[in-house]
Amino acid sequence: IAALWFACDKPIESDTQFTELSFVQTNTPASVTVNQKIVSAVKVAAPDLCYRFAYFTVNQQQFIVDVHAIGDYPTKANGCAQAIYYKDTSLSITPTAVGKYVLRFYNGNQIFKSDTVNVN
């Protein structure tokens, strides 16, 4: 007796999609000491109230830190309140070497703002 196993490759369906949010404000300290966290207070925005902040993507190459804000949005959004969504949050990075760190906050492919931190 032979048994046959069939697998169905269905795409995983999700009711949430991820998208990039826009930075509207950043506030980063001018200096910290090595191994002390750099904590940037940031405000992000999105076009309506169905968006929610989810996380940051951080790509660090030595002293350059590129940051994007990621939010989620329902795939079947109906009746989203038409007001701008704002979220105050913070980004924390621990520098491991003395030097001048540049945090570059991106809105899409464009740099919104660069904050420089001297690490002693």
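## Strands and overall fold

Strands are DSSP runs of E at least two residues long, numbered from the N terminus. In this predicted model, strand β1 covers residues 16-27, and Val24 has its place there. The protein contains 0 helices and 8 strands, and along the sequence the pattern reads β-β-β-β-β-β-β-β.

Of the 120 residues in the protein, 30% are buried. Where contacts join residues at least 6 apart in sequence, 67% of them join residues at least 24 apart.

In soluble globular proteins, nonpolar side chains tend to be buried together. The largest nonpolar core here has 24 residues, and Phe23, Phe56 and Leu103 touch the most other members. Two or more residues of this core come from each of β1, β3 (38-46), β4 (52-61), β5 (64-74), β6 (85-93), β7 (99-107) and β8 (110-119).

Leaving aside residues up to four places away in sequence, Phe23 touches a set of residues that includes Val42, Val44, Phe56, Val67, Ala69, Phe105 and Phe112. Lys43, His68, Tyr106 and Asn107 are also among the contacts of Phe23.

Val24 counts as partly exposed because its relative accessibility is 38%, a value between the 20% and 50% limits.

## Salt bridges

Side chains of opposite charge can pair when their charged atoms come close. The whole structure holds 2 salt bridges. One of them joins the side chains of Asp66 and Arg104, at 2.6 Å from N to O. This pair links distant parts of the chain, with Asp66 in strand β5 and Arg104 in strand β7, 38 residues apart. Asp66 is buried, at a relative accessible area of 17%, whereas Arg104 is partly exposed at 23%.

A salt bridge also forms between the side chains of Lys113 and Asp115, at 3.5 Å from N to O. Lys113 is partly exposed, with 32% relative accessibility, while Asp115 is buried at 8%.

## Ser92 in strand β6

Ser92 lies in strand β6 and is partly exposed, with a relative accessible area of 41%. Apart from residues up to four places away in sequence, Ser92 touches Lys37, Ile38 and Val39. Thr28 is 64 residues from Ser92 in sequence, and the two are 10.0 Å apart in space, C-alpha to C-alpha.

Notes. Residues are numbered from 1 along each chain as its sequence is written. This is a predicted model: local features need pLDDT of at least 70, side-chain atom pairs count only at pLDDT 80 or more; totals for chains, interfaces and linings use all residues. Side-chain values use heavy atoms; hydrogens and water are left out. Helices (H or I, at least four residues) and strands (E, at least two) are DSSP runs, numbered from the N terminus. Buried means under 20% relative accessible area, exposed over 50%, partly exposed in between (1.4 Å probe, protein chains only). A nonpolar core is a set of buried Ala, Val, Leu, Ile, Met, Phe, Trp, Tyr and Cys residues joined through side-chain atoms within 4.5 Å. Contact means heavy atoms within 4.5 Å. A salt bridge is a side-chain nitrogen of Lys or Arg within 4 Å of a carboxyl oxygen of Asp or Glu.
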